[in-house]
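The sequence and structure come first.

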Amino acid sequence: MKLKINSSGLRGELTVPADKSISHRSIMFGSIAHGKTTIKNFLRAEDCLSTLACFRQLGVEIEDDGEVITVHGQGFEHLVPPFEPLDAGNSGTTVRLMSGILATLDGLSTDVIGDASLSKRPMLRIKTPLELMGASVSGQGEKITLPITVKGTKLKAIHYDMPVASAQVKSAILLAGLNTPGETSVREDAISRNHTEEMINYFGGHCESVKGHSSVIGPQRLEGRDITVPGDISSAAFWIVAGLIVPGSEIILRNVGINETRTGIIDVVKAMGGDIKVIPDNELTATIVVRYSDLNETVIEGEIIPRLIDELPVIALLATQAKGDTMIRDAHELRVKETDRITAVATELRKLGASIDETEDGMIIHGKTRLNPVADGVTELTTYHDHRIGMMNAIAALLVDSGKVELTGEAAINISYPTFFDDLDAINHSII
Ligand code: S3P
């Protein structure tokens, strides 16, 4: 894709797409609950459609009238063996959370496959706790990559201290715990997103959560519910950064989810001196207004990391436009996302003249640099099949002289944000 334009300012209003994490979970919880669940504002992007297809294959009746998705759940006990392997596509959330459910299906052996990127990602992190509970999870090599086979059994409750803060691993264990007698609990050092804990309670179950310690006493019977999915702050993040770094911008973002386990980017922008206003609509969502700003360096490390893990690529771009050296530490997890996001971010932004040192668990970004291709001719920016790298590139390209960059592989953006370029068009006041 040739991006012929740069930008003389992004101005206007956008309603960001629905939250990916909550959309996945709404299908899963609707499937293991009893009775009807309706889902409004479901994210119709490739990742969440993978989850929907997998649960249909497990025998759950799921209707989609184009507006509302209706899931007719009948509890764990009515999930049936699929005829074909379950295909999680590109989605780590699908395979990891679903494995927690599959592990509890006594006597069922299920194969799960995925695309090339997902097939490189480690599933050892779910194998370890699910096998401690009594299931079997076999896969390829030391990292236990896809295809995996999950053999379900009558599980036993465990307590698990998580070696890395991961909402996907935590959720797999809690979902398994819902169908297991006794108390299943997990502990994490830094608190990762808590949508699973919140949804257990919303669906009429009970999950206790105190200071990084979450527990369920099983078995629990969940009841179908009506859900309206809020907008995804991880998608809003691209416009937050774009508004702050493209001169002349003012962007209003509507219906952005503000669950506090997800709002690390807002804290970072404030620490950098960015002009951001968060005006709550209610407990769940807010309107966010950002304006072009002078920015200062910051340090991003420790407990905030899980609260902005998916936003770090675009935050690195933000830091290229801030004065001084911004440090990102404790983010080793970036190396095992859809691609190695530390190497991908550094490689792509360096093509535009950014000064970034890679470290084992993060980056040091030396700002402020004017972004423009360092090579002659047209510079290609690529996605590594990673939606968030693709969107970071597209926002970076807005700062570059017209016609000097070409985006490739941007179909990856459909994983989480199929209307990304329409939204960009709606607010971009291009120079040419
Ligand atoms: C997610 C959890 C995070 C995040 C991913 C979605 C979820 O992964 O990066 O995009 O929905 O639970 P980890 O829990 O592995 O950090």
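A salt bridge is a side-chain nitrogen of Lys or Arg within 4 Å of a carboxyl oxygen of Asp or Glu. The term is used below for a model that is predicted.

## Two domains

The domain assignment divides the protein into domain 1 and domain 2. Domain 1 is made of two stretches of the chain, 11–17 and 230–428, while domain 2 covers 20–228. Between the C-alpha centres of domain 1 and domain 2 the distance is 29 Å.

Domain 1 brings 24 residues to the contact, and domain 2 brings 25 residues. About 2000 Å² of area is buried between domain 1 and domain 2. Carbon and sulfur atoms give 48% of that buried area.

## Charged and polar links

Three salt bridges are counted between domain 1 and domain 2. Polar contacts between domain 1 and domain 2 amount to 11 residue pairs, with both residues at pLDDT 80 or more. On the side of domain 1 that touches domain 2, the residues divide into nine charged, eight nonpolar and seven polar.

A salt bridge also joins Arg193 and Asp310. The closest N and O atoms of Arg193 and Asp310 are 3.2 Å apart.

## Cysteines

A disulfide is a covalent bond between the sulfur atoms of two cysteines. How many disulfides does the structure hold? The count is zero. Cys54, for instance, is in no disulfide. The cysteine sulfur nearest to that of Cys54 belongs to Cys48 and is 12 Å away, whereas a disulfide needs two cysteine sulfur atoms within 2.5 Å.

Is Cys54 buried or exposed? Cys54 counts as buried because its relative accessibility is 0%, and the cut-off for buried is under 20%. Cys207 has a relative accessible area of 6%, so Cys207 is buried as well.

Note on methods:
Residues numbered from 1 in each chain as written. Predicted model: local features only at pLDDT ≥ 70, side-chain atom pairs only at ≥ 80, totals over all residues. Heavy atoms only, no water. Domains from an automatic or database assignment. Contact = heavy atoms within 4.5 Å. Buried area = accessible area lost by both parts, 1.4 Å probe. Polar contact = N/O pair within 3.5 Å; in protein donor to acceptor, adjacent residues only side chain to side chain. Nonpolar A, V, L, I, M, F, W, Y, C, P; charged D, E, K, R; others polar. Buried < 20%, exposed > 50% of the residue type's maximum accessible area, 1.4 Å probe, protein only.
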